[in-house]
Amino acid sequence: AALQSYNIMDSDADPVLDDLTDIIAELCNVPIALVSLVDDHRQWFKAACGLDAEQTDKDIAFCAHAIHGNDIFEVSNALDDPRFHDNPLVTGDPHIRFYAGMPLITEDNFALGTLCVIDTKPRMLTDKQRRFLRSLAGEVVTRFELERKNRQLLQAQKLQRLISDTNQDYIFVKDE
């Protein structure tokens with residue numbers, strides 16, 4: 001319900017979020033970075049760098065694990081991790097070995113998805129890269145919050161105009 005309230009699933013591309021995935025991929029020196037949103041059945045990529053897929057099933061999504069925490073979920077080598085060693089995203093394309101995802105946590109403390117980075121080689125993030133990932137994930141959430149508030153404001157303005165137009169239709173002139 002929280003994710004639906006943002007009205008962002010299957011929405012148009014966002015050049016700002018695309019830029020953020022490019023930036024975090026560069027900062028973390030990885031080939032893939034995603035803004036991933038997780039609903040009941042799938043993870044959908046609002047923005048992506050280095051991956052052509054638009055979504056995956058939730059049951060194979062690394063991000064579905066990451067959203068249960070409040071900080072970075074990091075898997076240094078998916079082949080050595082019993083949760084992921086036989087995952088089709090590990091055994092097949094894109095051959096994930098390393099994953100780090102920071103949950104996108106709203107003002108109301110709901111995790112909508114993650115900002116994540118992925119590599120085809122085992123590794124760990126540096127402390128500096130973790131700070132960047134946390135910070136940019138916060139920027140993604142701020143963008144979602146602002147877009148939702150702008151949408152609510154526009155709806156309120158439309159309603160106000162409708163009420164104003166309706167009231168003008170019912171102005172009565174007092175007989176003298």
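**View 1. Phenylalanine 98 has its bridge partner, aspartate 119, in strand E6.** This is a predicted model, where local features need pLDDT of at least 70 and side-chain atom pairs count only at pLDDT 80 or more, while totals for chains, interfaces and linings use all residues. Residues are numbered from 1 along each chain as its sequence is written, and side-chain values use heavy atoms, leaving out hydrogens and water. Here you're looking at E5 and E6, an antiparallel pair joined over seven bridges (strands pair if DSSP finds at least two bridges between them). Strands, at least two residues long, and helices (H or I), at least four, are DSSP runs numbered from the N terminus. Five residues sit between E5 and E6 in their hairpin, and asparagine 109 in the turn has a positive phi of about 70°.

**View 2. Strand E5 also has strand E4 as a partner.** E4 covers residues 73-75 and pairs with E5 over three bridges, in the antiparallel sense. Look for glutamate 74, whose bridge partner in E5 is alanine 100. Because seven of its eight residues are buried, E5 is largely enclosed by the rest of the structure (buried means under 20% relative accessible area, exposed over 50%, and partly exposed in between, with a 1.4 Å probe and protein chains only).

**View 3. Strand E1 pairs with E6 and with E2.** Six bridges link E1 to E6, running antiparallel, and isoleucine 32 stands opposite isoleucine 118 in E6. E1 and E2 are antiparallel too, with six bridges, and three residues lie between them in a hairpin.

View 4. Is threonine 114 buried or exposed? Its relative accessible area is 0%, so threonine 114 counts as buried. Skipping neighbours within four places in sequence, threonine 114 is in contact with residues including Leu34, Val35, Ser36, Cys63, Tyr99 and Gly101 (contact means heavy atoms within 4.5 Å).

**View 5. The largest nonpolar core has 32 residues.** Such a core is a set of buried Ala, Val, Leu, Ile, Met, Phe, Trp, Tyr and Cys residues joined through side-chain atoms within 4.5 Å. Ile24, Leu37, Leu104, Leu115, Val117, Leu133 and Phe144 touch the most other members. Elements supplying at least two residues each include helix H2 (15-28), strand E1 (32-38) and helix H5 (127-169). H5 gives the most to this core, with six residues. Leaving aside neighbours within four places in sequence, leucine 133 touches Ile24, Ile72, Ala100, Met102, Leu115 and Leu125. Apart from this core lies another one of 18 residues, among them Phe84, Leu89, Val90 and Cys116.

**View 6. Arginine 134, in helix H5, makes a polar contact with aspartate 71.** The two side chains come to 2.7 Å (a polar contact is a pair of N or O atoms within 3.5 Å; within protein, one must be able to donate a hydrogen and the other to accept it, and residues adjacent in sequence count only if both atoms are side-chain atoms). Beyond neighbours within four places in sequence, arginine 134 is in contact with Asp71, Ile72 and Met102. With a relative accessible area of 32%, arginine 134 is partly exposed. Leucine 104 is 30 residues from arginine 134 in sequence, and their C-alpha atoms are 9.2 Å apart in space.
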